[in-house]
Amino acid sequence: MGALAVLAVACLAAAASVAHAADTKKPNFVVIFTDDQDAIQNSTHPHYMPSLHKYIRYPGVELSQYFVTTPVCCPSRTNLWRGQFAHNTNFTSVLPPHGGWAKWKALGIDQSYLPLWLKDQGYNTYYVGKFLVDYSVSNYQQVPAGWDDVDALVTPYTFDYNTPGFSRNGAAPNIYPGQYSTDVIRDKGIAQIKSAVAAGKPFYAQIAPIAPHTSTQISTDINTGEVKAYFYPPIPAPRHWQLFSDANLPGGTPNKNLYEVDVSDKPAWIRSLPLPQQNNRTYLEEIYRLRLRSLAAVDELVEQVVKTLDAAGVLDNTYIIYTADNGYHVGQHRFGAGKTTGYEEDLRVPFLIRGPGIKASQSDKPQNSKVGLHVDFAPTILSLAGASHLLGDKGLDGTPLGLYANDDGTLRSDYPRPAQHRQQFQGEFWGGWSDELLLHLKAQPNNTWKVVRVYDENSKQGWKLIAQCTNEREIYDLRKDPGELNNIYATVKPAVRSRLEGLLAVLAVCKGQSCSNPWKILHPDGSVTSFAQALSSKYDSIYKAITPFAYTKCLQYLDWDNEQSQFKTQIRGANPAAGVGHHRLLTAASERAIAARRRAQAAISTELAERPPVFQAPVEAKSVPVPDDILAADVDKWFAFHNAEYYLA
């Protein structure tokens, strides 16, 4: 054999060896998960978050088309861990009765979700920071299952930037007076990572700071028992108060949709909102800067996490992911500050990832334009962990992210690489609307909606259909009108409108594969696999025959009898609610396994609560017990004030 042939064989053998190593060694995961961080208004710009770019974006990749599907915290976090849309989890709100900690536990969500699936694959799991809004000083003993170490913020201290309070594994909660929340979470997260490395097993660690969420103080009058909540923009760390004085809201709004003058084409409730005046605009400018300043401590957290992993010798085998629970708007259209709408600012969130097999982008611009969703997060983590063979039995609506487009040659060989990546998805929300910080604006009860969004990676064409519960409709050509200023529902080509309506009729009631590939429902013969193909005139008769999705009336919760689609029975069967809430999908054997797991989890939680972690965060020395009067408070009253769920989300 010649020298060149020998060299070629050696190279092939080396490549095969690298691929085998990538497929056999389980990677670690660290997920930095912020609260209410937008992907549009420059909050991740390198000027404001240089460490995010230095340590994750440049050695990794950013996804330009990444979205949440229910833009409010607790349902969105559930979508992330369960890999299901909210209409399939039936966890649709922040607080009871349609959301909240009690419902989350009653649905059994923490009996079959990502951390437990990873534990079944030999992982240790860790969590620190915000979990759910009404995990509180009254229910902290009900520890979320699936975590080897969970150190969760508890209400009323969840959104208190300077006196955060935590319960670790169900232990009596402590507060950290005068300590900045993100710094406490950083120190706790670093200690968890060190403990995870010392344990010698692959690990998943999620670090969830509250920034840049609004700050919240909840107080009770000890004489009258009256509960009051006070809301204010996010509070930066003292060392960051003077940063970014040059930041301005118009400069942070590339879609040019601030203070929309003509809203005659918007739904009636938006038309009723007044145009923000100069005093409102000055306030919103400062809100914008305070959000950026509050993220400066998160940027420092990113640097410390990466340096900790590097010092421990595990950085090269760890995926680091940066994302948020939902997007956020400041000043768009007629709004002040908040989320929960179907517009781009609320649906888009940052998603950056580095790790084994991911080619370094070394770029200031996103280098992956494949559509990705929060419901894709769990299947992505499982696939990267070598468990893609399990995706079919989890009742998932999502599919692994298109990370194969950034394969450096060593990405797992079994990571899914579909011939056609998803181009379309649906979003949804049930409830009302309240501005979080322009509190003089009148709350609106009818903000329940569905969205269908389509993006063609090749042509860069994007379309969006928004269907309000009043059955008012909006269509936007997102290539020409990224700011969603011109509703063209009445004037767009009939083929575009009918195809979007057809997609909505399927996706509004989808589950499982029909969520990722609605074309199989619309075209069972397999003749269509993309929106561009569906636009052919030969399919006009098919789409003309589809009755548009409709609401019977505006409700602030999911009711299958209220949401009308001709595909509902075909996709969901005679009982559309069957299978909603994953616990309904479980077999008797798995129910017995879950009961055993609950007993084991309770024992583990008791043990963990009674002993310190392997590595103790130095900040623990500054903690004190929660005052007795707070522990004895009537927590339900804290969430009973008007529109609490929208302010606290």
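The model is predicted: local features need pLDDT of at least 70, side-chain atom pairs count only at pLDDT 80 or more, and totals for chains, interfaces and linings use all residues. Residues are numbered from 1 along each chain as its sequence is written, and side-chain values use heavy atoms, with hydrogens and water left out.

The mean pLDDT of the chain (the predictor's confidence in each residue, from 0 to 100) is 91. A value of 70 or more is reached by 90% of the residues. Over residues 6-16 the pLDDT is below 50. That stretch has 2 contacts beyond near neighbours in sequence, a contact being heavy atoms within 4.5 Å. Residues 582-590 also have pLDDT under 50. For residues 582-590 the model has 16 contacts beyond four places in sequence.

A disulfide is a covalent bond between the sulfur atoms of two cysteines. Here it is assigned to a pair of cysteine sulfur atoms within 2.5 Å. The count comes to 2 disulfides. Cys469 is joined to Cys554, with an S to S distance of 2.1 Å. The torsion about this S-S bond, between Cys469 and Cys554, is about 95°, so the disulfide is right-handed. Cys469 lies in the loop between strand S18 (462-468) and strand S19 (473-477), and Cys554 in the loop between strand S20 (550-551) and strand S21 (563-564), so the pair ties together parts that are 85 residues apart in sequence. Helices (H or I, at least four residues) and strands (E, at least two) are DSSP runs, numbered from the N terminus. Cys469 is buried at 3% relative accessible area, whereas Cys554 is partly exposed at 26%. Buried means under 20% relative accessible area, exposed over 50%, and partly exposed in between (1.4 Å probe, protein chains only).

The other disulfide joins Cys510 to Cys515, again with S to S 2.1 Å. Its torsion is about 95°, so the bond between Cys510 and Cys515 is right-handed. Cys510 is buried at 0%, and Cys515 is buried at 1%. In sequence order, the bonded cysteines pair as 1-4, 2-3. Cys74 is in no disulfide. The sulfur of Cys73 lies 3.3 Å from that of Cys74, its closest cysteine sulfur, too far for a bond. Cys73 is buried at 0%, and Cys74 is buried at 0%.

Aromatic pairs number 29. Rings of Phe, Tyr and Trp (its six-membered ring) pair if their centres lie within 6.5 Å; planes under 30 degrees apart count as stacked, over 60 as edge-to-face and the rest as tilted. Phe335 and Trp433 form a tilted pair, 5.8 Å centre to centre with 45° between the planes. Phe335 is in the loop between strands S12 (329-330) and S13 (337-338), and Trp433 in the loop between strands S16 (424-429) and S17 (449-455), so the pair ties together parts 98 residues apart in sequence. Phe335 is buried at 1% relative accessibility, and Trp433 is buried at 1%. One aromatic cluster includes Phe29, Trp81, Tyr127, Phe131 and Tyr319.

Charges also sit over rings (NZ of Lys or CZ of Arg within 6 Å of the ring centre and within 35 degrees of the ring normal). Lys188 sits over Phe166, 4.7 Å from the ring centre. Arg281 lies over the face of Tyr259 at 4.2 Å.

Arg77 is in helix H3 (residues 73-82) and is buried at 0%. A polar atom of its side chain lies 2.9 Å from the backbone oxygen of Lys130. Beyond four places in sequence, the contacts of Arg77 include Tyr127, Phe131, Asp35 and Asp325.

Conventions. A polar contact is a pair of N or O atoms within 3.5 Å; within protein, one must be able to donate a hydrogen and the other to accept it, and residues adjacent in sequence count only if both atoms are side-chain atoms.
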